[in-house]
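Please walk me through this model in the viewer. Tell me what to select at each stop, and what is there.

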Amino acid sequence: MSKAIITVVGRDTVGIIARVCTYLAGEKINIEDISQTIVAGYFNMMMVVDISACEKPLGDVITDLTAVGEELGVVIHCQSEDLFTRMHRI
Amino acid sequence: MINLYEVNETNQMILSENLDVRTITMGISLLDCCDASVEACCDKIYAKITRLAGNLVATGEEISKELGVPIVNKRISVTPASLVGAACCKTPEDYVKIAKTLDAAAKATGVNFIGGFSALVAKAMTPSEELLIRAIPQALAETERVCSSVNIGSTRTGINMDAVRLMGQIVKETAEATASWDSGGCAKLVIFCNAPDDNPFMAGAFHGVTEGDAAIHVGVSGPGVVKAALTEVRGQSFEVLCETIKRTAFKITRVGQLVAQEASTRLGIPFGIVDLSLAPTPAVGDSVAEILEEIGLSSVGAPGTTAALALLNDQVKKGGVMASSYVGGLSGAFIPVSEDAGMIAAASAGRLSIEKLEAMTCVCSVGLDMIAIPGDTPASTISGIIADEAAIGMVNAKTTAVRLIPVIGKGVGETANFGGLLGYAPIIPVNPASCEDMIARTGRIPAPIHSFKN
């Protein structure tokens with residue numbers, strides 16, 4: 001199973017999660033975990049997603065999500081989960 | 001499962017603290033490209049490099065995008081050219097043809113440097129190796145991406161003083177041949193003692209004869225990450241300081257290990273090593289000098305600098321070896337003067353001399369690196385500095401290197417500008433006393449007593 005971590009950071013506004021989730025559903029990407037905080041009006045969200053059913057290469061999903069972020073006025077990063085597990089788990 | 005705090009910590013390192021993978025370097029053996037004809041040899045070299053490394057840059061960019069970690073350089077190292085050209089090169093000009101072929105292959109594959117225009121002459125030189133060395137000034141002046149290195153000593157063989165004398169002259173000739181860009185050709189020429197076979201960092205990378213047909217090596221970086229972590233433990237004990245460096249080095253190296261494995265799998269080339277070096281750039285917040293200052297020095301070069309660097313180098317290794325089973329290359333802290341904003345500032349202010357830098361090289365991973373000196377420095381003095389540095393490497397069984405730039409037409413107090421990653425450097429003074437009579441002696445310095453371990 002291949003997983004990715006999506007982070008969304010930016011000024012809070014209506015529909016951020018809805019817009020991101022709509023995109024993910026359309027690409028058959030399953031959300032396994034969401035955590036989110038709002039500090040001083042800034043939205044900070046992290047999702048763990050399963051991309052094994054997605055037909056697009058990860059690079060294209062990253063490009064699409066970056067564009068979604070630009071539409072919403074927030075910064076969206078999507079990175080392979082390997083980066084974080086390697087760094088934080090022995 | 002990974003939590004928000006951990007994700008934010010990693011992304012903070014990438015976005016604010018300059019965490020990156022400094023280089024993916026593909027080592028390629030050219031031993032099967034030997035031929036009796038220079039032209040045929042060059043054709044084989046070009047074909048092999050472009051075949052194996054054709055996808056290197058694209059693969060590096062793909063991995064970088066998927067992980068969200070910048071991979072700054074994609075590079076190639078090859079078998080020392082003096083071995084590949086020995087059968088066909090009869091003049092220095094023949095070796096220049098090989099250098100131009102390497103340059104063309106580098107441009108075709110899109111890598112920014114190719115290392116291995118090299119000779120390994122730790123004990124003595126073959127006629128062919130001497131031809132290559134004599135070709136270095138023209139080769140570096142007439143190519144853009146080729147890097148050269150010469151190993152002139154080792155703990156097992158002693159120091160080849162004939163090669164040391166010759167290299168002093170070659171450094172001067174290279175400076176003169178590239179005088180139009182502040183003698184920047186010398187920034188692509190490294191003189192080693194105990195050169196490693198698997199170093200991924202330029203300008204000293206070559207693919208040693210102990211290596212296989214090809215290998216993927218990765219050089220990590222991250223001085224800014226270590227500096228930021230140390231800011232959190234200011235004033236605390238050495239134990240806390242060391243723990244913090246180790247923990248940070250572990251995390252940085254794990255990223256390098258991941259990138260190396262991914263690149264190896266996708267390119268179908270065996271994984272070689274991860275080099276743990278903290279490699280600075282001229283960018284603010286990407287400086288080894290700033291780490292030393294964070295440890296508690298008002299400026300790098302102050303008393304205590306050597307001790308702080310020894311501690312840093314050791315803790316980086318202790319954290320890094322836990323993160324990767326195959327650590328190699330140079331692995332430590334680099335202290336290139338022109339490529340480190342903190343080093344540039346200290347040298348400009350007169351707080352960092354060549355003598356202090358030499359002391360620092362006893363405990364760091366490389367040597368006198370990217371130091372601009374007056375253009376009228378005699379070749380024998382440059383040879384003397386090379387010999388001093390090689391002696392430190394030989395006696396301490398460590399790699400040392402010299403990359404000096406005698407800037408033609410400029411003197412102390414002026415600045416040399418090499419552009420890009422190579423940075424800029426204030427020209428610092430060299431001791432004016434002469435070592436000419438010592439350098440004029442022929443032969444070699446014997447290996448030290450503690451090298452006889454059999």
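Predicted model: local features only at pLDDT ≥ 70, side-chain atom pairs only at ≥ 80, totals over all residues.

**Stop 1: the fold.** Trace the chain from the N terminus: the order of elements is β-α-β-β-α-β-α. The radius of gyration of chain A is 13 Å, close to the 12 Å from the globule rule for 90 residues, so chain A is as compact as a globular protein of that length.

**Stop 2: the dimensions.** Along the principal axes, the trace spans about 35 × 30 × 20 Å.

**Stop 3: the inside.** Stay on chain A. Of its 90 residues, 36% are buried. Now look at contacts with a separation of 6 or more: 68% of them in chain A are between residues 24 or more positions apart.

**Stop 4: the side facing chain B.** Bring chain B back into view. Here 20 residues of chain A are in contact with 18 residues of chain B. Next, select these elements of chain A one by one: β1 (3–11), β2 (30–39), β3 (42–50), α2 (58–72), β4 (75–80) and α3 (81–88). Each gives two or more residues to the side that touches chain B.

**Stop 5: α3 of chain A.** Which element gives the most to that side? α3(A) does, with eight residues. Finally, color the side of chain A that touches chain B by residue class: eight residues are nonpolar, eight are polar and four are charged.

Notes: Residues numbered from 1 in each chain as written. Chains lettered and ligands numbered in written order. Helix = DSSP H or I, 4+ residues; strand = E, 2+ residues; numbered from the N terminus. Rg over C-alpha atoms; globule rule 2.2 N^0.38 Å. Buried ≥ 20, exposed ≤ 12 C-beta atoms within 10 Å, placed from the backbone. Contact = placed C-beta atoms within 7 Å. Nonpolar A, V, L, I, M, F, W, Y, C, P; charged D, E, K, R; others polar.
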